[in-house]
Structures are given as C-alpha cells and as structure tokens.
Amino acid sequence: MSAEKQAAATNSYQVITLTSGKGGVGKSTLCVGLGLGDALRGKRVLLIEFDAGLRGLDLMLGISDRVVYDLGDLLEGRCTISKAIAESPLNENLNAIVAPVSLEAPMDLADIRLLVEGLRPHFDRLILDMPAGLGFSVKATAATADLALIVTTPDRICVRDGGQMARALQKNGFESHRLLINRVDERMIRRDSITDLDAVIDGVGSQLIGVMPDDPDIQLKLTRGIALRESHRVTRICRALSQRLDGIYVPLIFS
Ligand SMILES: Nc1ncnc2c1ncn2[C@@H]1O[C@H](COP(=O)(O)OP(=O)(O)O)[C@@H](O)[C@H]1O
Ligand SMILES: [Mg+2]
C-alpha cells in the first residue's frame, strides 16, 4: 500500500505539504501554526522550508541566531541531518530545516524523497513548506507527501489558482488534498456566511479542513517568532487543525 493510501486508511497524515498557486497567501505562516498546534499536542514536529532564496521560517520560529546550516547544505552534502535541524524556542517539540539562501543546482526530487523517507521514523509530523506555483511543489508533493494542504484566501484570483493546484496535483496522480482557507474577514465569520466559504470550496474543488481568520496578532507576533498564548484563537484553531488531520473530529473553530 502506498504511504498516501495507508495514511488515508488510518486517517493520519505524517508528511504534509503546504501548497498554493499564488505566493503570499500564508503557507509559511500556517506551516508554523500547524507545527505549533502539533507540538502543543505533544507531537515531535519538523518543518522543512523549500522556498529557496526566500527564507522566512527562521524569523517566524525565532531561530535566526541558531541556524548554521540549511536545506541546501544538507542536500549538497556539506552537513549531517542533525546539524541542519534547529529547535525552535517556541516549543521544544518544534524543529526546522530552513531554506537555502542560494542553491548551486535545482533540488533533485529523488534526493528530497530519500531525505523525507529517512526522517519519517524520527518525527510524528513532517510539514513541508513549498514555494508558490504549480511546478516544483506539485512534483515534490507527489514524491513525498501523504497529504497536500492547498492554501488560499477568499480572494477570487487566489481561489482560481487554488483550483489549478488541485487539478495539477490530480494530473500528477495525487488525489490526497484538503483546502485551508486563510485570512477570512471577521465580517464573513460574524455573518456566519457559510455560502461565501462554500464558493471558495467549490472554486478550488477540495474538501475543507480549516479556516483561519485575518488576525493582526499573526503579523505582530506569530511571524516574528513571538509565542501566542495557548488560549489565543489562532493557537486554538491551529490545534484543532492538528487534531482534524489526525482524524479526530473537532468542529471548525472561528473565534
Ligand atoms: N491569517 C492571517 N492574518 C493576518 N496576516 C496574515 C495571515 N496569514 C498570513 N498573514 C501575513 O501575510 C504575509 C504572507 O504570509 P506568508 O506565510 O509569508 O505567505 P506565503 O508563505 O504563502 O508566501 C505575512 O506578512 C503574514 O504575516
Ligand atoms: Mg512562504
């Protein structure tokens, strides 16, 4: 049985990629959020950032002063796996390998697959933060992941791109994807406007797994490596997302 089918059968997804057609929709932010949600539930988590040249996880995880080696050093044989992994001060269960500042050659899919397979026994969850676009991220997802989270905002152009992502994954034989809608407006939530969210779900053609409101604390704290309280709605939403990914039924939380 393939890793993807096995994960679906047990309802637990160990290797997850965050993907989107457009950049700036919140993949890296939600990667950190889900990682924290997992870590708070006691899971040992590793985030791997693939956005070569556009490193950001070091700042979000508060590890810029700890990072010596990156994914490029690891793939190009300049360091061991343990040297490339940095632990985040946000939570002892939360670790990361950050993106290369520059790369000598494009990342090789076979190398990435080997790396991810080698890491599976050592972590409860591997969360791969992909670059935007339908090229590398689709191929890397098909090569490594149990599940792809398609991240979109309610913006119509983003929704269309999310739909393209779902179709590109399917064309590559990868059917295991869920939709994560980010930056949902307070008013949409207060109106309990499920029809607006329905339009997004229909537009992307992927089953909904989570909704994250637009929240100022994400930019003020989460993206600056500052911990949010466990009672903060963003933390509670991330924890609920972690649970749903493990097949535990929890209702969608909005506030
Ligand atoms: N739910 C949210 N509420 C407020 N700001 C957000 C939210 N999600 C993401 N952002 C902000 O949007 C910007 C882009 O997010 P990022 O995670 O870097 O996107 P991507 O990785 O998809 O390019 C960041 O400044 C981030 O703080
Ligand atoms: Mg990013």
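Arg-183 counts as buried because 20 C-beta neighbours lie inside 10 Å, and 20 is the number at which a residue is classed as buried. The structure is a predicted model. Arg-183 belongs to strand S7. Its backbone has a positive phi of about 60°, although Arg-183 is not a glycine.

Strand S7 spans residues 177–184 and is among the elements that give two or more residues to the shell around ligand 1.

## The shell around ligand 1

Ligand 1 is surrounded by 17 residues, and the closest are Gly-26, Lys-27, Ser-28, Thr-29 and Thr-223. The elements that supply two or more residues to this shell are helix H2 (27–40), strand S7 (177–184) and helix H11 (216–220). Helix H2 makes the greatest contribution, with three residues.

Sorted by class, the shell around ligand 1 holds 10 polar, four charged and three nonpolar residues.

Lys-27 is buried because 27 other C-beta atoms lie within 10 Å, where 20 or more are required.

Leaving aside residues up to four places away in sequence, Lys-27 touches Leu-18, Ser-20, Asp-129, Met-130 and Val-151. Lys-27 and Ile-150 are 123 residues apart along the chain, and their C-alpha atoms are separated by 8.7 Å.

## Packing of H2 against H12

The relation between two packed helices is described by the angle between their axes and the distance between the axes. Helix H2 packs with helix H12 (residues 233–245) at an angle of about 75°, and the two axes are 7 Å apart. H2 is therefore roughly perpendicular to H12, since that term covers angles from 65 to 115 degrees.

On the H2 side, the contact involves Gly-33, Leu-34, Leu-36, Gly-37, Asp-38 and Leu-40. These meet Val-234, Thr-235, Cys-238, Arg-239, Leu-241 and Ser-242 of H12. By class, the contact of H2 with H12 comprises six nonpolar, four polar and two charged residues.

## Helix H7 and its partners

Helix H7 covers residues 136–144, and its buried residues are Ser-137, Val-138, Ala-140, Thr-141, Ala-142 and Thr-144. The elements against which these buried residues pack include both strands and helices. The strands are S1 (15–19), S5 (125–129) and S6 (147–152). The helices are H6 (109–119) and H8 (156–171).

## Asp-73 in helix H4

Asp-73 lies in helix H4, which runs over residues 71–75. Asp-73 counts as partly exposed because it has 16 C-beta neighbours inside 10 Å, a number between the limit of 12 or fewer for exposed residues and that of 20 or more for buried ones.

Not counting residues up to four places away in sequence, Asp-73 touches Arg-78, Cys-79 and Ala-84. Asp-73 and Gly-205 are 132 residues apart in sequence, and their C-alpha atoms are 38 Å apart in space.

## The chain as a whole

The chain contains 12 helices and eight strands. Its radius of gyration is 17 Å, close to the 18 Å that the globule rule gives for 255 residues, so the chain is as compact as a globular protein of that length. Along the principal axes, the C-alpha atoms fill a box of roughly 55 × 40 × 35 Å.

Of the 255 residues in the chain, 45% are buried. Among contacts with a separation of 6 or more, 78% are between residues 24 or more positions apart.

Technical notes:
Residues are numbered from 1 along each chain as its sequence is written. Chains are lettered from A and ligands numbered from 1 in the order in which they are written. This is a predicted model: local features need pLDDT of at least 70, side-chain atom pairs count only at pLDDT 80 or more; totals for chains, interfaces and linings use all residues. A residue is near a molecule or strand if its C-beta atom, placed from the backbone, lies within 6 Å of it. Helices (H or I, at least four residues) and strands (E, at least two) are DSSP runs, numbered from the N terminus. Ala, Val, Leu, Ile, Met, Phe, Trp, Tyr, Cys and Pro count as nonpolar, Asp, Glu, Lys and Arg as charged, and the others, Gly among them, as polar. Two residues are in contact if their C-beta atoms, placed from the backbone, lie within 7 Å. The radius of gyration is taken over C-alpha atoms; the globule rule is 2.2 Å times the number of residues to the power 0.38. Axes are lines fitted to C-alpha atoms, for helices over the stretch in contact, and angles run from 0 to 180 degrees between N-to-C directions. Angles under 35 degrees count as roughly parallel, over 145 as roughly antiparallel, 65 to 115 as roughly perpendicular and the rest as oblique.
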